[in-house]
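Q: I would like to learn how to read a structure like this one. Please show it first, and then we can go through it feature by feature.

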Amino acid sequence: MLFKKKENNLPAGEKKKNVHYLTGKETREIAKSNNRRIRELEKKKRMHVSEADYTTTMRDDNNIVEFDDLHTHFFTDAGVVKAVDGVSFDIPKGATVGVVGESGCGKSVTSLSLMRLVQGPMGQIVGGSIRFNFGDGKAYDIAKMPMSDMRKIRGEKIAMIFQEPMTSLNPVFKIGYQMDEMVLLHTPNCTKDQAKARSIEMLQLVGIAAPERVYGCYPHELSGGMRQRVMIAIALSCNPKLIVADEPTTALDVTIQAQILDLLREIKAKIDGSVMLITHDLGVIAEMADYVVVMYAGRVIECGTTEEIFDNPLHPYTIGLQHSKPVVNRKVDRLYNIPGQVPNPINMPDFCYFKDRCDRCVGKCSGEYPAFVQVSPTHKVACYLYEEKTNSEE
Ligand SMILES: Nc1ncnc2c1ncn2[C@@H]1O[C@H](COP(=O)(O)OP(=O)(O)OP(=O)(O)O)[C@@H](O)[C@H]1O
Ligand code: SF4
Ligand SMILES: [Mg+2]
């Protein structure tokens with residue numbers, strides 16, 4: 001439910017009401033509506049769900065994950081934040097899919113929804129499905145899975161490297177303890193000694209020079225790069241089929257960044273898996289990804305192969321992103337920035353979310369949110385400019 005503040009039509013001379021301020025009545029209405037919706041959703045989560053209820057079929061068996069019209073909302077005191085607002089894209093088996101977009105566009109919330117780690121009860125998946133190709137001909141809809149069954153998938157089939165390694169590692173436990181815990185949880189009949197041996201092997205695999213020493217260290221005793229390597233080692237300890245890496249190199253300097261990306265590439269080849277790589281660094285995407293998904297304000301606005309997105313960007317936002325990246329040997333006074341701001345996630349407009357920042361608007365842009373236009377078998381864009389072109393070509 002959206003709570004839009006109305007402008008007051010006050011007589012001339014009277015002070016206009018602050019439209020950003022919520023009255024006590026409005027705050028109570030929001031809280032009441034949030035509580036009702038959260039109760040419904042939490043009740044649904046607690047209901048008994050059998051495997052048959054969340055078993056599904058993949059649209060294409062060559063995909064490991066298919067996001068289909070996913071909606072994840074946060075029920076905040078100021079209203080409902082539609083952090084993910086109808087996201088659909090696929091992650092093919094063996095491919096790296098880069099997800100780009102500016103801060104707050106819903107990249108992390110999409111990946112957290114895939115892991116079912118959205119912070120409840122405020123954050124909830126309210127619609128859509130996330131189909132996961134479990135193997136052996138089975139596919140599950142993660143959005144419908146009970147939390148207890150998520151353990152079959154989390155860690156073992158999908159591993160996540162979080163945005164900030166310092167906050168994802170527990171500061172009061174040694175690295176070894178945290179790594180062994182993961183191995184013990186996901187390996188049946190594993191002894192403590194076997195778990196330790198596996199953890200040390202993983203630390204060695206991710207290029208840590210003295211794995212036995214690091215095994216006995218606390219997170220604060222390691223550098224940022226080492227912590228990120230430990231996170232990767234933890235993620236790999238169960239041979240996952242999909243690695244979700246949320247800005248794995250943001251907190252690192254460029255040389256360590258390059259090493260971590262090389263490592264990620266090597267490991268992907270070793271486990272013969274897929275990677276969902278979230279970043280706002282287009283350079284990283286160009287180097288690593290096979291496919292690119294561009295998000296804006298909780299929606300996918302363009303997706304295609306890396307060549308399509310870099311050589312032929314179509315959406316005015318993607319074009320703006322390309323312009324704003326620095327290019328060696330191109331002399332500029334200052335880097336291009338896309339004017340304007342992302343709309344308020346609580347009061348999203350009914351029309352294209354990029355309209356207020358777009359310098360190529362056409363008449364239709366004030367109408368409904370644009371549907372996807374398929375410009376090639378792999379390239380699609382949500383923008384009226386291309387709908388008109390494809391229509392006129394037909
Ligand atoms: N726990 C939360 N409570 C309320 N709103 C949240 C919460 N987590 C995320 N959001 C909102 O969801 C939206 C998407 O956030 P998200 O973390 O996915 O952005 P992001 O694309 O990963 O950005 P960044 O590049 O900065 O990491 C934002 O508007 C954010 O304010
Ligand atoms: S639909 Fe219109 S407003 Fe939106 S990006 Fe395309 S041209 Fe710009
Ligand atoms: Mg994020």
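Q: Which element gives the most to the shell around ligand 1?

A: Some conventions come first. This is a predicted model, in which local features need pLDDT of at least 70, side-chain atom pairs count only at pLDDT 80 or more, and totals for chains, interfaces and linings use all residues. Residues are numbered from 1 along each chain as its sequence is written, while chains are lettered from A and ligands numbered from 1 in the order in which they are written. Elements are DSSP runs numbered from the N terminus: helices are H or I with at least four residues, strands are E with at least two. A residue is near a ligand if its C-beta atom, placed from the backbone, lies within 6 Å of it. Here α3 gives the most to the shell around ligand 1, with three residues.

Q: Which residues come nearest to ligand 1?

A: A83, S103, K107, S108 and V109 do, out of 18 residues around ligand 1. Two or more residues of this shell come from each of β2 (63-76), β3 (79-92) and α3 (107-115).

Q: How is the shell around each ligand divided by class?

A: Ala, Val, Leu, Ile, Met, Phe, Trp, Tyr, Cys and Pro count as nonpolar, Asp, Glu, Lys and Arg as charged, and the others, Gly among them, as polar. The shell around ligand 1 has seven nonpolar, 10 polar and one charged residues. Around ligand 2 there are 11 nonpolar, one polar and two charged. Of the 14 residues around ligand 2, C352, K355, C358, C365 and C383 come nearest.

Q: What is the order of the strands in the open sheet?

A: Two strands pair if DSSP finds at least two bridges between them. The open sheet of eight strands runs β7-β8-β9-β4-β10-β11-β13-β12, with mixed pairing. Its edge strands, β7 (158-161) and β12 (373-374), each pair on one side only. Four bridges join β7 to β8 (residues 242-246) in the parallel sense, and I158 stands opposite L242 in β8.

Q: Which strands does β6 pair with, and in what sense?

A: β6 (residues 138-141) runs antiparallel to β1 (residues 55-56), with two bridges, and antiparallel to β5 (residues 123-135), with four bridges. T55 stands opposite Y140, and G135 stands opposite K138. The hairpin of β5 and β6 has two residues between the strands, and D136 there takes a positive phi near 50 degrees.

Q: Which residues touch the most other members of the largest nonpolar core?

A: In soluble globular proteins, nonpolar side chains tend to be buried together. A residue is buried if 20 or more other C-beta atoms lie within 10 Å of its own, exposed if 12 or fewer, and partly exposed in between. A nonpolar core is a set of buried Ala, Val, Leu, Ile, Met, Phe, Trp, Tyr and Cys residues joined through C-beta atoms within 7 Å. The largest one has 95 residues, of which A233, A235, M276, V292, V293, V294 and Y296 touch the most other members. Helix α8 (residues 224-236) gives the most to this core, with eight residues.
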